[in-house]
Amino acid sequence: LVLLAPNPNLLLPTILSRCMQFFFAPLSLELMEGFLKERTKLKAPERRLSAQLAGGCPGVALQMDLAESERLRREVLRLIELAAGGKSFGQVFTQTAQLAKNERERFENILELFYSVFHDLLELSHGPQELALRNPDLKRELEALSQRASLEWVQKAVGELDLLHGRLRRNINRQLGLDALAVS
């Protein structure tokens with residue numbers, strides 16, 4: 001019997017104590033691109049982007065809809081830009097409503113997109129010169145935002161995102177949670 005879990009700490013201790021754990025390392029970017037070349041009809045730039053976004057997971061890369069991924073990541077970035085700029089709450093709430101209610105993607109996956117954008121903001125503002133961005137196709141927009149978002153602001157935003165992620169287990173209203181995140 002094989003049990004797969006993205007985070008073993010979320011399993012009950014009684015189950016975890018009876019399991020033998022194996023950790024699989026993500027595939028390199030080059031291996032992922034070769035894998036996609038053999039199994040898809042994607043063009044070279046699309047293969048590279050898909051490999052980068054999949055984070056070394058071949059199954060994720062094969063199932064990825066690049067156009068939908070780009071649209072969703074841009075919506076997440078737009079909400080973060082609105083929150084960082086202190087724009088009108090009407091625009092913020094419209095964006096949170098769209099992300100919370102109108103998406104086919106699981107809400108937990110949308111929160112992971114927030115984490116990836118915040119990771120990239122930190123890399124661009126405080127990281128090394130040679131970056132491995134999680135959202136390389138959004139680099140220009142992320143660079144502009146990194147000039148406006150301070151380290152303290154990103155830390156606070158990630159803390160609020162952590163709270164929202166934890167509250168999902170208690171069945172929090174998703175839009176209200178995103179509203180609170182964006183306003184704070």
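Contact here means heavy atoms within 4.5 Å. By that criterion, and leaving aside neighbours within four places in sequence, L111 is in contact with L161, L164, H165, L168 and L178. The model is predicted: local features need pLDDT of at least 70 and side-chain atom pairs count only at pLDDT 80 or more, whereas totals for chains, interfaces and linings use all residues. Residues are numbered from 1 along each chain as its sequence is written, and side-chain values use heavy atoms, with hydrogens and water left out.

**Nonpolar cores**

- A nonpolar core is a set of buried Ala, Val, Leu, Ile, Met, Phe, Trp, Tyr and Cys residues joined through side-chain atoms within 4.5 Å; buried means under 20% relative accessible area, exposed over 50%, and partly exposed in between (1.4 Å probe, protein chains only).
- The largest nonpolar core has 32 residues, and V76, I80, L99, L111, F114, F118 and L178 have the most contacts inside it.
- At least two residues of this core come from each of α5 (66-85), α6 (89-101), α7 (107-126), α8 (139-148), α9 (151-167) and α10 (174-183); helices are DSSP runs (H or I, at least four residues), numbered from the N terminus.
- The most is given to this core by α7, with ten residues.
- A second, separate core of six residues includes F35, A51, A54 and A61.

**Helices α3 and α4**

- Helix α3 (residues 44-54) has R47, L49, S50, A51, L53 and A54 buried, and the cover over its buried residues includes α2 (29-39), α4 and α5.
- Just after α3, G55 takes a positive phi of about 60 degrees.
- P58 is placed in helix α4 (residues 58-63) and is partly exposed, at 23% relative accessibility.
- Not counting residues up to four places away in sequence, P58 touches L27, M32 and F35.

**Salt bridges**

- The structure holds nine salt bridges, each a side-chain nitrogen of Lys or Arg within 4 Å of a carboxyl oxygen of Asp or Glu.
- E75 forms a salt bridge with R71, with the closest N and O atoms 3.0 Å apart; both residues lie in helix α5, four residues apart, about one turn of the helix.
- E75 counts as buried at 13% relative accessibility, while R71 is partly exposed at 30%.
- A network of salt bridges links E68, R71 and E75.
- D137 and R73 meet through their side chains in a salt bridge (2.7 Å, N to O); because D137 lies in the loop between α7 and α8 and R73 in helix α5, the pair ties together parts that are 64 residues apart in sequence.
- R73 is buried, with a relative accessible area of 2%, whereas D137 is partly exposed, with 26%.

**Cysteines**

- A search of the whole structure finds zero disulfides, a disulfide being a pair of cysteine sulfur atoms within 2.5 Å.
- The sulfur of C19 is 20 Å from the closest cysteine sulfur, in C57, and therefore too far for a bond.
- Both cysteines count as partly exposed, C19 at 33% relative accessibility and C57 at 34%.

**Loop residue N171**

- N171 lies in the loop between α9 and α10 and is exposed, with a relative accessible area of 70%.
- Its phi is near 65 degrees, a positive value in a residue other than glycine.
- Most residues other than glycine have a negative phi.
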